Amino acid sequence: NEVRESELKKQAKKQFSNSPKISVIVPMYKTKEKFFKDLINCMINQTYSNWELCLADGSEKQNEMLKQYYEKNLKIKYKFLNANEGISENTNCAINMATGEYIALLDHDDILAEYALFEVVKCINKNPNVEFMYSDEDKIDGRNNRYDAYFKPDFAPDTLRCQNYICHFSIFKKEVMDKLEGFRPDYDGA
């Protein structure tokens, strides 16, 4: 389901009673410029504006071409790690940069619909005690056509034990993530 242009304009003007900062966490590793540019653009085009993008780059060397995208925007925090510590530790490094009330997890080749963060904050306002959210997802081909839609169920413990359906796009209340003390490398890939 896509949102009409008129609705996107309304969303950009919406004032929520609770407007938390969303820290979008991205562990990077040898990220291609096209993916990085798409990621930055999808964040800049969000209809909800109280966000930050926290990038932890575990590549062997820093990609100087990417600087043009993150250096000019104060909402983007980038840290070069000098070594790849794996997805869990790279993600933990990005979480340590976060100042938002909520942590949202993305991969370095993911993009969000421009209304994604708006929908997250709308959910937070309807459910003030929410600590965890996840979304449906799909793939996009080289011509920007969507395919392989994955419409996820409401929380179902038995289904979750069989398949990881909460992976992309997941949002956690920061205080919950702090209690967990980050991700553990033993579970990389899970």
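User: What makes Phe-118 count as buried?

Analyst: Its relative accessibility is 7%. Buried means under 20% relative accessible area, exposed means over 50% and partly exposed lies in between, with a 1.4 Å probe and protein chains only, so at 7% Phe-118 counts as buried. The model is predicted, so local features need pLDDT of at least 70 and side-chain atom pairs count only at pLDDT 80 or more, while totals for chains, interfaces and linings use all residues. Residues are numbered from 1 along each chain as its sequence is written, and side-chain values use heavy atoms, with hydrogens and water left out.

User: Where is the place of Phe-118?

Analyst: Phe-118 is in helix 5, where helices are DSSP runs of H or I with at least four residues, strands are runs of E with at least two, and both are numbered from the N terminus. In space, Phe-118 is 7.6 Å from Gln-46, C-alpha to C-alpha, although 72 residues separate the two in sequence.

User: How do you know whether Leu-106 is buried or exposed?

Analyst: The relative accessible area of Leu-106 is 4%, so Leu-106 is buried. You will find Leu-106 in the loop between strand 4 and helix 5. Leu-106 and Arg-146 are 40 residues apart in sequence and 18 Å apart in space, C-alpha to C-alpha.

User: Why is the pair of Phe-16 and Tyr-48 called edge-to-face?

Analyst: Happy to walk through that one. The structure holds seven aromatic pairs. In the pair of Phe-16 and Tyr-48, the ring centres are 6.1 Å apart and the planes meet at 65°. Rings of Phe, Tyr and Trp (its six-membered ring) pair if their centres lie within 6.5 Å, and planes under 30 degrees apart count as stacked, over 60 as edge-to-face and the rest as tilted. With planes at 65°, the pair is therefore edge-to-face. Phe-16 sits in the loop between helix 1 and strand 1, and Tyr-48 in the loop between helix 2 and strand 2, so the pair ties together parts 32 residues apart in sequence. Both Phe-16 and Tyr-48 are buried.

User: What makes the pair of Phe-36 and Tyr-70 edge-to-face?

Analyst: Their ring centres are 6.3 Å apart and their planes are at 90°, so this pair is edge-to-face. Phe-36 in helix 2 and Tyr-70 in helix 3 are 34 residues apart, and the pair links these distant parts of the chain. Phe-36 and Tyr-70 are both buried. Together with Tyr-69 and Tyr-78, they form one aromatic cluster.

User: Which charged end sits over the ring of Phe-16?

Analyst: The charged end of Lys-14 does, 5.5 Å from the ring centre. A charge sits over a ring if NZ of Lys or CZ of Arg is within 6 Å of the ring centre and within 35 degrees of the ring normal.

User: What is the phi of Asn-82 near?

Analyst: Phi of Asn-82 is near 70°, a positive value in a residue other than glycine. Most residues other than glycine have a negative phi. Asn-82 belongs to the loop between strand 3 and helix 4, and at 59% relative accessible area Asn-82 is exposed. Phi of Asn-144 is also positive, near 65°. Asn-144 is in the loop between strand 6 and strand 7, and its 64% relative accessibility makes Asn-144 exposed.

User: Which residues have the most contacts inside the largest nonpolar core?

Analyst: They are Ile-22, Val-24, Met-43, Leu-53, Leu-55 and Leu-117, in a core of 34 residues. Such a core is a set of buried Ala, Val, Leu, Ile, Met, Phe, Trp, Tyr and Cys residues joined through side-chain atoms within 4.5 Å. The elements that give two or more residues to this core include strand 1, helix 2 and strand 2. Helix 5 gives the most, with six residues.
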